[in-house]
Amino acid sequence: MSTAFRPDSLPPAAARGRLRAQGLADRRWGNTSLWILAAFALTLLAHRRTALEAVDLWHRSYTYAYAWLVLPTLVFLLWHNRARLTTTPPAHSLSALVPAVLFAGLWVIGDLANIAVVRQFALVSALGAIILAAAGWRAFGRLAPYVALLFFCVPAGDVLLEPLK
């Protein structure tokens, strides 16, 4: 037996209320998604050198060419699971500014030390902090496995090879 919501299983007024609430949640997620995309664009524009370093490595190296598949896969998974992911309404979280500031500091350290992998990890982490700030902690809990896929965009295998041996 399926536990999915069926409008015909409720009285008409309750079904309309439930559908109206779902429509409001969808609209809130639509607005939140636009804010997230705008913040991503601004962040990537501000850190275009770091982003282009990673993309150049994806393009030049067969080892990291898989990273070209990460974003389309992420978009597909988010779209495929949108009904389940949007059941938790977004609620902005100012407390996400703390990790954002920490990741900005990590990026500065990576830039001063001229370590590309640190800069790229900090950039991807900052993108996660943007999602956290826009969606809130509860919604981010559902989105976290998908956001974690972004870390596959960081070409870090060379750095991790020795410790993993």
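A pocket is an open set of points on a 1 Å grid over the protein atoms alone, with protein on both sides within 12 Å along at least five of seven lines; lining residues have an atom within 4 Å of a point. This is a predicted model, in which local features need pLDDT of at least 70, side-chain atom pairs count only at pLDDT 80 or more, and totals for linings use all residues. Residues are numbered from 1 along each chain as its sequence is written, and side-chain values use heavy atoms, with hydrogens and water left out.

Q: What is the volume of the largest pocket?
A: The volume is about 1,000 Å³. A volume here is the space filled by probe spheres set on the points, and grid points are joined across faces, edges and corners.

Q: Which residues lie nearest the centre of the largest pocket?
A: They are Leu 37, Phe 40, Leu 74, Leu 78 and Ile 131, from a lining of 34 residues. By class, that lining has 27 nonpolar, 5 polar and 2 charged residues. Ala, Val, Leu, Ile, Met, Phe, Trp, Tyr, Cys and Pro count as nonpolar, Asp, Glu, Lys and Arg as charged, and the others, Gly among them, as polar.

Q: Why is the contact of Arg 49 with Asp 111 called a salt bridge?
A: A salt bridge is a side-chain nitrogen of Lys or Arg within 4 Å of a carboxyl oxygen of Asp or Glu. The closest N and O atoms of Arg 49 and Asp 111 are 2.6 Å apart, so the pair qualifies. Arg 49 is in helix α2 and Asp 111 in helix α5, 62 residues apart. Helices are DSSP runs (H or I, at least four residues), numbered from the N terminus.

Q: What makes Arg 49 partly exposed?
A: Buried means under 20% relative accessible area, exposed over 50%, and partly exposed in between (1.4 Å probe, protein chains only). Arg 49 has 45% relative accessibility, so Arg 49 counts as partly exposed.

Q: Asp 111 also forms a salt bridge with Arg 119; is Arg 119 buried or exposed?
A: Arg 119 has a relative accessible area of 1%, and is therefore buried. The closest N and O atoms of Asp 111 and Arg 119 are 3.7 Å apart. Arg 49, Glu 53, Asp 111 and Arg 119 are linked in a network of salt bridges.

Q: What separates Asp 56 and Arg 60 along helix α2?
A: About one helical turn separates them, because they are 4 residues apart in that helix. Asp 56 forms a salt bridge with Arg 60, the closest N and O atoms being 2.9 Å apart.

Methods
On a 1 Å grid over the protein atoms alone, a cavity is a set of points where a 1.4 Å probe fits but cannot get out, and a pocket is an open set with protein on both sides within 12 Å along at least five of seven lines; lining residues have an atom within 4 Å of a point. Helices (H or I, at least four residues) and strands (E, at least two) are DSSP runs, numbered from the N terminus.
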